[in-house]
Amino acid sequence: MRRRADRDYEYNLMEEAVELGEQQPVPQGQIAEQKSNIKGDEKNIAILLFLYLLQGIPLGLCSSIPMLLQNRGVSYRQQAEFSFVMWPFSMKLLWAPIVDAVFIPKFGRRKTWLLPIQYIMGIFMLYLSKHVDNWLGKTEGHELNIGLLTVLFFALNVLAATQDIVVDGWALTMLKRCNVGYASTCNSVGQTAGFFLGYVILMAFESPAFCNAYLRSVPSDEGLITLPGFLYFWGCIFIVATTFIGIFKREDAEACPKDESLNIKESYQMLWSTMKLPNIKLIILILLTSKIGFSASDAVTGLKMVEAGIPKEKIALMAVPLIPLQILLPIFISKYTAGPKSMNVFLKAMPYRLIFGLVGTLLVWVTPYFVSNGEVPLYFFGIIIALYLLHQVCASCMFVAAMAFFARISDPAVGGTYMTFLNTLSNLGGNWPSTAALYFVDSLTSRQCSNDITNICGSDDQKAACTLTGGTCKITLDGYYIESILCVIIGFVWLRWGKRKIQYLQDRPLSTWKVVRQKS
């Protein structure tokens with residue numbers, strides 16, 4: 001099941017933390033001034049929504065490619081290689097201080113980076129549209145090139161992650177002070193919409209079977225849209241939209257003057273000071289290991305469903321019911337994560353998420369008995385969606401609980417960098433186990449040639465030898481099932497250890513999370 005890219009609520013949450021921790025009580029006569037009032041900010045909110053939507057397009061694309069590759073002879077080790085394209089959003093802290101500190105004051109702190117980045121992204125998509133079918137091995141005379149696809153889409157996501165840094169920062173000054181809380185809403189809604197277009201819409205409308213069944217009266221061998229056409233369209237949108245923003249949207253130069261911002265050296269010194277805190281050393285270990293138990297479920301199950309016969313566009317359509325859930329669920333969960341023990345929700349949701357992942361593995365095993373020629377019985381598809389929703393409820397509970405805990409412990413004196421640091425660790429803790437899970441599926445899988453029991457099809461030469469003798473390499477033991485069970489066992493062992501450590505961190509006084517600022 002697909003993991004979502006990270007949602008950076010850190011700026012809004014840090015603003016709230018500063019307000020709660022440092023400001024004096026607001027006089028009664030001034031209370032009305034603190035309430036949100038979007039009048040005058042309607043255009044700014046619309047711009048932020050659109051910028052975050054653009055950011056979600058590459059994320060959706062990078063989730064679509066593995067589905068397009070599945071059932072095309074791609075190994076899970078190659079899928080693991082391509083999964084590195086999702087890492088930039090977990091690495092952006094490495095260059096975020098540079099984006100914040102280096103800019104041309106007359107041009108605008110955020111526009112200095114936003115305009116060239118989005119122009120490059122637009123040109124990059126136009127370039128990809130001309131060659132992506134060749135690299136996918138869809139055109140005659142060309143073979144699949146996973147390495148090149150990984151490098152190019154990784155670069156595209158690096159640009160998207162940098163755009164995220166810029167837009168997050170600009171949102172704080174683009175909106176009026178009383179409306180800053182809408183920044184995280186724009187992030188969540190806009191990025192979800194962009195991902196929906198780049199993943200769900202692309203998968204559905206690219207599929208000839210889906211289009212013939214629901215959108216056409218005359219069948220065709222092609223979908224209504226193609227991946228090259230989709231890339232070309234959004235490449236043009238990026239270029240046109242960036243031009244309009246450059247010409248018509250002004251940036252308030254006084255909102256964040258250069259002499260009041262940290263320079264690059266100070267920013268990295270702050271990060272180093274944060275990493276040296278004893279509490280942070282423990283939470284780094286927790287965040288980098290807490291998602292191992294979910295790695296097989298998050299990274300492999302969706303691909304295995306496609307391999308078992310469920311059409312990829314139907315897998316993509318499973319994300320549709322999640323959209324209202326992703327908007328409403330955090331609001332409901334926040335009632336239980338407010339306060340000093342927010343991670344209790346994290347700990348309570350974790351065993352259910354592990355169990356639902358194991359049930360998903362069972363569904364993969366029985367799927368071939370229910371699916372025939374891509375036809376999925378409605379009741380069986382309903383069971384899959386119900387399980388997926390329950391799994392995502394647990395994932396959302398853990399995410400919101402962790403974000404609430406991060407907001408509580410973050411030192412307001414260092415702005416949003418503290419939250420960005422913790423959020424980066426959390427996302428990295430989900431990325432590396434998922435990549436590892438994809439990589440080891442093939443290693444744990446046992447195969448045998450159908451007409452030669454001595455040939456275990458362990459190498460390309462053995463597979464070729466089996467094919468030459470008229471045989472086929474059949475799976476005798478699927479490593480996915482071994483991996484799923486191992487991951488769940490590791491998850492429950494981790495829970496027993498992690499519960500004590502998390503309770504310890506929750507009981508630590510807030511003073512132990514403070515960062516001592518270094519003087520340069």
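## Terms and overall composition

A helix here is a DSSP run of H or I spanning at least four residues, and helices are numbered from the N terminus. The structure described is a predicted model.

The protein contains 21 helices and two strands. Of its 520 residues, 51% count as buried. The accessible surface of the protein comes to about 24200 Å², and carbon and sulfur atoms account for 64% of that surface. Among contacts between residues at least 6 apart in sequence, 83% join residues at least 24 apart.

Asn 157 lies in helix 7, which covers residues 146-174. Its relative accessibility is 0%, and Asn 157 therefore counts as buried, the cut-off for that class being under 20%.

Leaving aside residues up to four places away in sequence, Asn 157 touches Pro 58, Leu 59, Cys 62, Val 85, Met 86, Pro 88 and Phe 89. Pro 58, one of these residues, belongs to helix 3 and also takes part in the contact of helix 3 with helix 6.

## Helix 3 against helix 6

Two packed helices are described by the angle between their axes and the distance between the axes. For helix 3 (residues 42-69) and helix 6 (residues 111-135), the axes come within 13 Å and cross at roughly 40°. Helix 3 is therefore oblique to helix 6. The crossing of the two is left-handed.

On the helix 3 side, the contact involves Leu 51, Leu 54, Ile 57, Pro 58 and Leu 61; these meet Leu 114, Gln 118, Met 121 and Met 125 in helix 6. Sorted by class, the contact of helix 3 with helix 6 comprises eight nonpolar residues, one polar residue and no charged residues.

## Helix 3 against helix 10

Helix 3 also packs with helix 10 (residues 227-248), their axes coming within 11 Å and crossing at roughly 165°. This angle makes helix 3 roughly antiparallel to helix 10, since angles over 145 degrees fall in that class. The crossing of helix 3 and helix 10 is left-handed.

Helix 3 contributes Phe 50, Leu 51, Leu 53, Leu 54, Ile 57, Leu 61, Ile 65 and Leu 68, while helix 10 contributes Leu 227, Phe 230, Leu 231, Trp 234, Ile 237, Phe 238, Ala 241 and Ile 245. By class, the contact of helix 3 with helix 10 has 16 nonpolar residues, with no polar and no charged ones.

Conventions:
Residues numbered from 1 in each chain as written. Predicted model: local features only at pLDDT ≥ 70, side-chain atom pairs only at ≥ 80, totals over all residues. Heavy atoms only, no water. Buried < 20%, exposed > 50% of the residue type's maximum accessible area, 1.4 Å probe, protein only. Contact = heavy atoms within 4.5 Å. Areas by Shrake-Rupley, 256 points an atom, 1.4 Å probe, with all protein chains shown as cover. Axes fitted to C-alpha atoms, helices over the stretch in contact; angles between N-to-C directions. Parallel < 35°, antiparallel > 145°, perpendicular 65-115°, else oblique. Left-handed = near helix turned anticlockwise from the far one by under 90°. Nonpolar A, V, L, I, M, F, W, Y, C, P; charged D, E, K, R; others polar.
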